[in-house]
Amino acid sequence: MIIDTNKIELLLSDENLTDYQIEKMTGVSRVTVKQYRQNGINSMKLANAVKLLDGYRQMKKISKKYSK
């Protein structure tokens with residue numbers, strides 16, 4: 001699996017999503033999401049990267065559904 005860090009950063013930089021919403025969508029805790037948003041993703045665990053990338057994909061599916 002290739003981890004696209006740009007997509008993870010897009011998810012984390014989306015100001016329309018709260019830390020809580022990302023937590024519910026991905027299973028990554030709010031505290032961890034907040035740390036990534038403040039400090040960057042350089043020391044991110046692989047497991048969290050996979051979860052956040054899946055969250056990005058979910059977000060894109062939802063946005064496509066409502067943009068039609």
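## Salt bridges at a glance

How many salt bridges does the count come to? The count is 4, where a salt bridge is a side-chain nitrogen of Lys or Arg within 4 Å of a carboxyl oxygen of Asp or Glu. As background, side chains of opposite charge can pair when their charged atoms come close.

A word on the ground rules before the details. This is a predicted model, in which local features need pLDDT of at least 70 and side-chain atom pairs count only at pLDDT 80 or more, while totals for chains, interfaces and linings use all residues. Residues are numbered from 1 along each chain as its sequence is written, and side-chain values use heavy atoms, with hydrogens and water left out.

## The overall fold

Let's step back to the whole chain. The protein has 4 helices and 0 strands, and its pattern along the sequence reads α-α-α-α. Both element types are DSSP runs numbered from the N terminus: helices are H or I with at least four residues, strands are E with at least two.

The radius of gyration is 11 Å, which agrees with the value near 11 Å for a compact globule of 68 residues. That radius is taken over C-alpha atoms, and the globule rule is 2.2 Å times the number of residues to the power 0.38. Along the principal axes, the C-alpha atoms fill a box of roughly 35 × 25 × 20 Å.

## Surface and contacts

The accessible surface comes to about 5,000 Å², and 49% of this belongs to carbon and sulfur atoms. Areas come from the Shrake-Rupley method with a 1.4 Å probe, and for residues only the protein chains shown count as cover. Of the 68 residues, 32% are buried; here buried means under 20% relative accessible area, exposed over 50%, and partly exposed in between (1.4 Å probe, protein chains only).

Now for contacts, meaning heavy atoms within 4.5 Å. Among those with a separation of 6 or more, 58% link residues 24 or more positions apart.

## The charged pairs

Among the salt bridges is the one between Arg30 and Glu23, at 2.9 Å from N to O. Glu23 is buried because its relative accessible area is 19%, whereas Arg30 is partly exposed at 43%.

Asp54 pairs with Arg57, their closest N and O atoms being 3.4 Å apart. Both sit in helix 4 (residues 46-67), 3 residues apart, or about one turn of the helix. Asp54 has 34% relative accessibility and so counts as partly exposed, and Arg57 is partly exposed at 38%. Another bridge joins Asp4 and Lys7 at 3.9 Å, N to O. Asp4 is partly exposed at 27%, and Lys7 is partly exposed at 32%.

## Two residues worth a look

Thr26 belongs to helix 2 (residues 19-26). With 11% relative accessibility, Thr26 counts as buried. A polar atom of the Thr26 side chain lies 2.7 Å from the backbone oxygen of Ile22. Beyond its neighbours within four places in sequence, Thr26 is in contact with Lys51, Leu52 and Gly55.

Ser13 lies in helix 1 (residues 5-13). Its relative accessibility is 47%, so Ser13 counts as partly exposed.

Methods: A polar contact is a pair of N or O atoms within 3.5 Å; within protein, one must be able to donate a hydrogen and the other to accept it, and residues adjacent in sequence count only if both atoms are side-chain atoms.
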